[in-house]
Amino acid sequence: MSNKFPEHFLWGGAVAANQVEGAYLADGKGLSTSDYLPYGIFGEIVDREEKDIIAIKDRAIDFYHRYPEDIALFAEMGFSCLRTSIAWARIFPNGDEQEPNEQGLEFYDRLFDEMAKYNIQPMVTLSHYEMPYNLVKKYGGWGNRKLIKFFTHYAKTVFERYQHKVKYWLTFNEINMSLHEPFTGVGLPRSSSKEQIYQAIHHQLVASARTIKLCHSMIPDAKIGNMLLGAVAYPLTSKPEDVWATHNENHAWLFFGDVQARGAYPSYMKRFFKDNNINLTMTEQDKEDLKETIDFISFSYYMSCCGTADNSPRLKGNVLDMVPNPHLKASEWGWQIDPLGIRFLLNLLYERYQKPLFIVENGLGAKDVLTADKTVNDDYRIDYMNDHLVQVREAIEDGVEVLGYTSWGPIDLVSASQAKMSKRYGFIYVDLDDDNKGTLTRYKKKSFYWYKSVIETRGEVL
Ligand code: BGP
């Protein structure tokens, strides 16, 4: 067995506009839904026009101005890929304009040009947990079919502009997240019914398919993928009822992949919609549109969970209410650590779809301590990532086609769930605390050198 990852495997990291850029109103940017969530994606939705709040995301790590320094650091680690997102509200501040905001477009030109200097491939998520807030206020978010038009217009605009600079695209970050947090995902009130949420999701799936079609015709040498929160569940026990409940639990998120990779609603959803009294409006044209499928599957993976038919106590993880696995330890934030789970998930997705896979988020959020000599001895992070990457290598040996790996938050950033800095993922420490205080100076952690050696040796040191 080879100890090395494939030669053309892409190595890097992943960030999201609203968690790093800051400059939340600079150069004509409009307010986005994430600006209304100063306390994180599950926190209070705050009307910014009415309430004056100081949100940490307003400045974040100031990537908007400091990106040259950060990209140089990524290049020093040997990155061949950086996943980031475009803030839709920088390009269309209200979401429904015809003409884009030139200054917003210019920012991403500068950013992609900077990456090109170091041969770092950008991978761009079109919507990472945000959309122009005006689309929520004026149109009711993705509950309104008009959003399909607005989104595809935005996609067309950025495809045209960056066609020579960006060859990897993703549509919606963790598209299955809308089931747990509808405001973040589809811009719906949290009190929305299941039917309203699935209808909004349907519009998003159609928008995604039309965007894929646009990408295929406008940039034929690009690849476009979806993005799933890889919430893989194991049966809590071998009791058949638990196995069946787990099967259904996995369908809840695999449904998104099934539509996006296979081009139609899977049969099991008919039963689900019937049992839950959900009636969707779906035109014949929608069904036609959905047939355009993605080139690869991308996903985030942090933890696995368990499925059970019983009403077992659930751990309130940051993201999902999880049934804890008695065989696994958890991170400081209650996320259960399961390196073998990533091999399981890679095999499961590959067997199901026979499409290449891309791991676009993985990593350990922890409370780091900066030492007197300005570093962080984050052996816990190295161990976590080492163990996961070993399992990725195993999956490749199993025959799974894996295009690349971008760790989450290669530089410390604002946590999506906490809207704080103290949950850090980076190889690079940023001097900024939860009270929004700090110099924003960057320091290399121990893991910085470790990841560099992993990339340099194509995984041989693992
Ligand atoms: C994913 C999101 C990211 C990110 C990550 C870690 O769900 O796509 O935006 O933040 O999780 O989550 P957190 O920041 O809550 O630790």
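A residue counts as buried if 20 or more other C-beta atoms, placed from the backbone, lie within 10 Å of its own C-beta atom, as exposed if 12 or fewer do, and as partly exposed in between. The model is predicted: local features need pLDDT of at least 70, side-chain atom pairs count only at pLDDT 80 or more, and totals for chains, interfaces and linings use all residues. Residue numbers start from 1 along each chain as its sequence is written.

The chain holds 14 helices and 14 strands. These are DSSP runs, numbered from the N terminus (helices: H or I, at least four residues; strands: E, at least two). Buried residues form 50% of the 462 residues in the chain. The C-alpha atoms fill a box of roughly 60 × 55 × 45 Å along the principal axes.

Two strands pair if DSSP finds at least two bridges between them. S1 runs parallel to strand S12 (residues 402-408), with 5 bridges. Here leucine 10 stands opposite glycine 404. S1 also runs parallel to strand S2 (residues 81-85), with 3 bridges. Glycine 13 has leucine 82 of S2 as its bridge partner.

Glutamate 361 lies in strand S11 (residues 357-361). An unreviewed UniProt entry annotates Glu361 as "active site". Such annotations may be inferred rather than shown by experiment. Why is glutamate 361 classed as buried? Glutamate 361 is buried because 25 other C-beta atoms lie within 10 Å. Residues are in contact if their C-beta atoms, placed from the backbone, lie within 7 Å. Leaving out residues up to four places away in sequence, glutamate 361 touches Ala14, Ser300 and Trp408.

Key. Contact = placed C-beta atoms within 7 Å.
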